Amino acid sequence: MNTLKVGDKVPLFSAKDQDGNTISLKDYTGKKLIVFFYPKANTPGCTAEACNLRDNYKELQSEGYELLGVSADSEKSQAKFKEKYDFPFPLLADEDHTVLNAFGVWGLKKFMGREYDGIHRKTFVIDGDGIVVKVIDKVKTKDHAAQLLD
């Protein structure tokens with residue numbers, strides 16, 4: 001797992017969102033972008049994280065940020081998740097792991113004594129030139145917006 005670090009240029013990527021629209025990094029040229037990776041839609045931690053970002057979305061926007069959520073869930077799962085919690089930002093359905101691998105967040109995880117491959121919960125802040133300016137490795141799911149606004 002070769003995770004992007006501060007100062008790295010983000011590789012160009014594109015993936016389908018919850019509605020089947022293609023979203024690409026180029027769409028955010030000149031804008032500050034927050035890309036948050038979460039393991040699975042509609043699970044407690046991921047719901048808490050995404051809802052915290054939703055509840056603070058206006059404040060994040062007032063600071064000039066756009067948001068993108070990414071997991072390996074299907075478009076259908078992402079659409080249900082977005083609709084259920086009324087998220088104002090797109091959720092990418094990265095089933096083939098293109099975006100996950102570009103950011104280096106797919107890899108070996110350990111939980112309750114077992115090892116498996118999965119998504120590491122991380123958030124990246126990217127400037128208008130596509131450069132990583134901040135990485136949050138230890139996401140506080142219930143207070144994630146505060147970590148971003150610090």
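Reply: Start with Asp 55. This is a predicted model, and in it Asp 55 is exposed, with a relative accessibility of 55%. The cut-off for exposed is over 50%, so Asp 55 falls in that class. Its partner is Arg 54. The two side chains form a salt bridge, with N and O 2.9 Å apart. Arg 54 is partly exposed, at 25% relative accessible area.

Why can such a pair form? Side chains of opposite charge can pair when their charged atoms come close. Here the salt-bridge limit is 4 Å between nitrogen and oxygen, so 2.9 Å qualifies.

Now take Arg 121 and Glu 49. They also form a salt bridge, and their closest N and O atoms are 2.7 Å apart. Arg 121 sits in the loop between strand 7 (114–119) and strand 8 (122–126), while Glu 49 belongs to helix 1 (residues 44–55), so the pair ties together parts 72 residues apart in sequence. Glu 49 is buried, at 0% relative accessibility. Arg 121 is partly exposed, at 21%. Buried means under 20%, so Arg 121 does not count as buried.

Next comes Lys 122. It forms a salt bridge with Asp 137, with the closest N and O atoms 2.7 Å apart. This pair links distant parts of the chain: Lys 122 is in strand 8, and Asp 137 is in the loop between strand 9 (132–136) and helix 5 (144–149), 15 residues apart. Lys 122 is buried, at 11% relative accessibility. Asp 137 is partly exposed, at 44%.

Key. Residues numbered from 1 in each chain as written. Predicted model: local features only at pLDDT ≥ 70, side-chain atom pairs only at ≥ 80, totals over all residues. Heavy atoms only, no water. Helix = DSSP H or I, 4+ residues; strand = E, 2+ residues; numbered from the N terminus. Buried < 20%, exposed > 50% of the residue type's maximum accessible area, 1.4 Å probe, protein only.
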